[in-house]
Amino acid sequence: MNFLILIIFLICQSVVAEVSSAATKSLPILFKADRLEYNKSLDTVLALGNVEASQKISGIGTRVLYADQLVYSGITKKIVAQGNVILMEPSGDIVFADYFNFSDDFRDGFIRTVKVLMADQSRIAAHSSERIKETTTVFDKAVYSPCNICRKNPNKPPLWQLKAKEVISDEVEQTIVYKDATFEFYGVPVFYTPYFRHSSPAVKKKSGFLAPRYGTTVDLGAMLSVPVFYNIDSNRDLTLTPMTTTKQGPIISGEYRHRFRDGEAKINSSYTQTRGLKDASGQSITDPKKERWHLLSQGRYELSDERLLTFDINRASDTTYLRRYPVMQQNPSFAQIKNLTSTGAVEQFRDNSYVGIKGYAFQTDAPKTTPSIFPLAVFSYQTDPDRIGGVWNLDGNALALRRDQVIVNRTGKEMQRLSLGSGWKRPYITPRGDVWTVNLTARADGYSVRDFQPNAKLTAANAGYNSGGKTFTGRLFPQASLDWRYPLVKSLEKSDWVLEPMAMLVASPHRNKDSKIPNEDSQTVEIDDVNTFMANRFNGYDMVDDGYRGVYGLNNTFYFPHQRQISIFLGQTRRLDHHRVIPKGLGENDKESDYVGRLKLKPINWMTATYRTAVKPGTGRPRMSELGVSLGKPILTLSAGYVFITKSSMPSQQDISQVNWQLSSQVTEQWKVSVAQIRNLKNNRGGALANFLSATYQDECFQIIGGIYKTSYHDRDIRPDSGFLVQLNFKNLGVLEPITAPQYPGSMLTAFDHDEKKEVDKPKNW
């Protein structure tokens, strides 16, 4: 049905664009012709030969009518044109006709043998069109197609076209009615409906059905959904999406949207009952439970020009539900599908300061040890540069955290933290070109911790044990850093060479010795090319980057014409105090850090590559390696990514070695083929995680994407899957797209190199 939506929108704009009587009656019609005759008694103008009649339309533009012969009656206010009639609309559309009879305000009239060339090169043809009672337009035997006509054989049918015996547009009801409508592909009828009605494309929102979506997977079977849109008000709407599956129960999902004067809110939810839950080995399981659902919401409200209220509440019955069922495919704004995070915040933004009060709740596979946070208060203020160019900043942070069960030797049951810090930063450039930056900071942290056991040994007997004790502790953490860089520039024959040696000294007293402070927010740190030259390499507050260290490195870049370049970065940290700060296995010991490097290559316009690594000193073995490369031309293009991380850097104590690649070829101007794979390179856990194969045909009016896939993912009730996908995209009419299971790493259409993004929140019905 979606194939019928646009025809009248195109016809109405080109043939009978509505202009109010008050706007046009007062504007004159200007005539030019080889011969002009005026009959005073009949008040008519007769124009013969190369006739041109033009009329300005207030606020729109100029409408111009060409014909061999034209008669205008001042009494009836009618324009009658014959012979090679051409009407050029302000919109850019062009109407061709044998006979044209319209009122001078173009609200009532008749056109015979009408042909329309739209501004986007789409074409419309009709036996005739008639405007009735200023609000209704009837088209007789209409045909629409955006496809090009074959130059060698103009009588050959276009790739696809839409035919209707009669089409009626009612501007009062804002509806369009089709009678005896047929969709043809290569001149062969493939779809017929005796009667069909939808809202006018000029309507922004109207209740009704949206385009159906289909799909099939080994896990869920055949799937079909037909969304229903309810236009509650101009600022509120509701979309309900019932979905049937042949191997599981039906799914009902809905989305409510509400826009306020100073904000907006969105709520998305779904519900289903799962049948025959089984794990990867085929055994029946009771977790997750039979009743399954999700509730996601987002909101934003501007309390004033400076203050903002936001919330993001996300919950599900279990952590595999959103990865197994395709209930989120029409709502890409909600990105999370596993570990769900709910937040709420009130923030104030000013030129030199920021204040925010936030709260966090998390849904994970370990709910008893997962914390909730409220409040988290953040304050930041920065001054303008002082007399010598220095900038002062003041920062504050307060946090209250609680969980049901402790993690022995790692976390407590409750923690309250208050941090206050200040700093001064001064950059300076010497006459020789050295760039020096002095950064002085000091921070005071106070903690109240309950049930923290820093020296306990984890056993089955004391797992989750709560001592009931509450401790208070704190620290003062001053830090100073001096950064030096000396960029050297040399112009070569075909490039510019920039060589930048750099070094930094960081000094602070040792403050991580206090074992009474649990590490809640500084666990995800590792030494790499991004943070090597940061004074504080921890993201949070609980761990501090204390002690004395020196950092040295080199940036080496060659710049070529046409934005081509080769860039190399190398760096390392050297401990000056033989003091371990970074946890073991994450890139630094008590003497030195890994050698970190980054290589960026774009030597030619059809090749780009980025390589990042961290190499252990002495062994020469990489602790981490990442490679991303894209090379080739449209005839053959390879995109690949590779990641390797040693088990010492992973919480799971297992190596990661994974590659994903895609090979595609633009075989002809219209055809493109692509093959892609995600593969685990560890032999003991190896194999292809996912395989994709696709082919795409695209021309000026039609696109079809077909593909097959196979996945090998296991997680409780998520099992390996395979299937076949087909997507049809008809220009100006819409997309008939499949439903894909959500557990794949990225959408299937992304893997198929599909650049067209469908706007799924269609406000109009069809």
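1. W293 is partly exposed because its relative accessibility is 36%; that class lies between buried (under 20% relative accessible area) and exposed (over 50%), using a 1.4 Å probe and protein chains only. W293 sits in strand β20. Strands here are DSSP runs of E with at least two residues, helices are runs of H or I with at least four, and both are numbered from the N terminus.

2. Some ground rules. This is a predicted model, in which local features need pLDDT of at least 70 and side-chain atom pairs count only at pLDDT 80 or more, while totals for chains, interfaces and linings use all residues. Residues are numbered from 1 along each chain as its sequence is written, and side-chain values use heavy atoms, with hydrogens and water left out.

3. W293 belongs to a nonpolar surface patch of about 660 Å². Patch residues have over 30% relative accessible area and no salt bridge; nonpolar side chains (Val, Leu, Ile, Met, Phe, Trp, Tyr) are joined within 5 Å, like charges within 9 Å. A salt bridge puts a side-chain nitrogen of Lys or Arg within 4 Å of a carboxyl oxygen of Asp or Glu. At least two patch residues come from each of β16 (228–233), β19 (263–273) and β20 (291–302).

4. The whole structure holds one disulfide, a pair of cysteine sulfur atoms within 2.5 Å. C147 and C701 form the disulfide, with S to S at 2.0 Å. The link is right-handed, at 95° about the S-S bond. C147 is in the loop between β9 (136–145) and β10 (160–170), and C701 in the loop between β39 (687–698) and β40 (702–711), so the bond ties together parts 554 residues apart in sequence. Both C147 and C701 are buried. C150 is partly exposed, at 31% relative accessible area.

5. E520 lies in the loop between β30 (496–508) and β31 (547–560). E520 counts as buried because its relative accessible area is 19%. Its side chain makes a polar contact with the side chain of R403 at 2.8 Å. Such a contact is a pair of N or O atoms within 3.5 Å; within protein, one must be able to donate a hydrogen and the other to accept it, and residues adjacent in sequence count only if both atoms are side-chain atoms.

6. Overall, the chain has four helices and 42 strands. Buried residues make up 43% of its 766 residues.

Definitions and conventions
Areas by Shrake-Rupley, 256 points an atom, 1.4 Å probe, with all protein chains shown as cover.
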